[in-house]
Amino acid sequence: SRTATRTADGALAVGGLDVRTLADEYGTPAYLLDEEDFRARCRAWRTAFGPGADVFYAGKAFLCRAVVRWLTEEGLNLDVCSGGELATALSGGMPAARIAMHGNNKSRAELAKAVTSGVGRIVVDSFQEIERLAGIAAEHGVRQKVQIRATVGVEAHTHEFIATAHEDQKFGFSLTGGDAAEAVRAVLKHPESLELIGVHSHIGSQIFDMSGFEVSARRVVGLLADIRDEHGVELPEIDLGGGLGIAYTPEDDPREPHEIAKALAEIVGRECEAANLAVPRLSVEPGRAIVGPTAFTLYEVGTVKQLDGIRTYVSVDGGMSDNIRTALYDADYSVVLAGRASAAEPMLARVVGKHCESGDIVVRDAFLPSDLAPGDLLAVPATGAYCRSMASNYNQVPRPPVVAVKDGQARVLVRRETEEDLLRLDVG
Ligand code: LLP
């Protein structure tokens, strides 16, 4: 995070606060979120895209009411993909018109809630859903704005599990197979209850290379041109999704928002000119790129186990329940000694969690000082996205809190779960 510094005696500080004090006050593990950094990233995206485009923060990366308030204040919109995310968005005060609703299998209740709260758009994902939504909107006397999720056939260079726009997958309508054109016809059959405002595409996550977006934009604009030719209407919006990568380790080299905005505007402008179309309003949906770098997880070391000639295992007080990404995606993280400085020789270590599973790895290979001992604090950077939001209670471990820091003040956004919380749902 941007405000991370070191104190005179070598401890990590963030938002002007020493991690030792934060650990004493809030315990470990804890996600420490730098509010100033979050807001700065929001502003960077807003400024880069300017008033002619919209930035929808993807709530799945991390959402709580304070985040919703920051987004609202910083002029961002919000992408939600479940009833729970929608409820959080509304409860945090995001105007419904600035919310977009996603999902390949939204329930009737989720659709009804979205329609009656007045969300700005619903991204439709299947033929059944188009009919379902048309019915629900008609029932409530609403003309619901919709975008069509197109599968643009791009295989983004990322982990197979999180690439979403190649053909064989559950999301969207295929362009090449003609389903997208058919979905347009299906939506246009319900002019009283559905208003088709645009086409949406999302090609994957943790992407560094802009070429996937080139192809995606070309195909989305191609669909707009086909729609004009067939129906005589030029749709006013396109959304190119999220997916911009962040630096998890020093080797990662992410693009800045202004580079991304410039590249996308150029691609869309060029394609529209070639197709003789007015340039539609562009929107994007970054999640990870906004919140990912703004938080780190603070852990306490419990044991250091040296297996002679094999490796050193450093066990911390969390693990796969607060960060499943290493186990699930083979994701790379880095780790630093946070509570003090050390001049000891570095040793190669594996940082593992406390769960009853050998795949419970936090950082696969890390250099840490060889005088590392129980009680030391470790910080794992870039855990703001898809860590708290994908956290679990595996082994009945309570989920850590999210603590925001800013200008020397800390404030709990999401409190630590207790064993009582875990037992509250157990009514047997
Ligand atoms: N828009 C749509 C329609 C999406 O499906 C996603 C992510 C985003 C936006 C935001 O993508 P981002 O900018 O955050 O990459 N759990 C995985 C990531 C799954 C992303 C799913 N969709 C992970 O931990 O890497």
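## Exercises: ligand shell, domains and helix packing

By class, nine nonpolar, nine polar and five charged residues make up the shell around the ligand. Here Ala, Val, Leu, Ile, Met, Phe, Trp, Tyr, Cys and Pro count as nonpolar, Asp, Glu, Lys and Arg as charged, and the others, Gly among them, as polar. The model is a predicted one: local features need pLDDT of at least 70, side-chain atom pairs count only at pLDDT 80 or more, and totals for chains, interfaces and linings use all residues. Residues are numbered from 1 along each chain as its sequence is written.

**Exercise 1.** Find which residues are closest to the ligand, and which domains the shell draws on.

*Solution.* Start with the count: 23 residues surround the ligand, a residue being near if its C-beta atom, placed from the backbone, lies within 6 Å. The closest are Ala-58, Ser-205, Gly-242, Gly-287 and Tyr-386. Next, look for elements that give two or more residues to the shell; these are helix 10 (288-291) and helix 11 (325-329). Helices (H or I, at least four residues) and strands (E, at least two) are DSSP runs, numbered from the N terminus. Finally, domain 1 (5-33 + 293-424) and domain 2 (35-291) each provide at least three residues of the shell; the domain bounds come from an automatic or database domain assignment.

**Exercise 2.** Describe how domain 1 touches domain 2.

*Solution.* First take the separation: the C-alpha centres of the two domains lie 33 Å apart. Then count contacts (C-beta atoms, placed from the backbone, within 7 Å): 22 residues of domain 1 are in contact with 21 residues of domain 2. On the domain 1 side, strand 20 (402-406) and strand 21 (409-414) each supply at least two residues. Strand 20 gives the most, with four residues. Sorted by class, that side has 14 nonpolar, five polar and three charged residues.

**Exercise 3.** Work out how helix 2 is oriented against helix 9, and which residues meet.

*Solution.* Begin with the geometry: helix 2 (residues 35-49) and helix 9 (residues 257-275) pack at an angle of about 30°, with axes 8 Å apart. Axes are lines fitted to C-alpha atoms, for helices over the stretch in contact, and angles run from 0 to 180 degrees between N-to-C directions. Helix 2 is therefore roughly parallel to helix 9, the label for angles under 35 degrees. Now list the partners: Ala-44, Trp-45, Ala-48 and Phe-49 in helix 2 meet Pro-257, His-258, Ile-260 and Ala-261 in helix 9. This contact comprises seven nonpolar, one polar and no charged residues.

Key:
Parallel < 35°, antiparallel > 145°, perpendicular 65-115°, else oblique. Contact = placed C-beta atoms within 7 Å.
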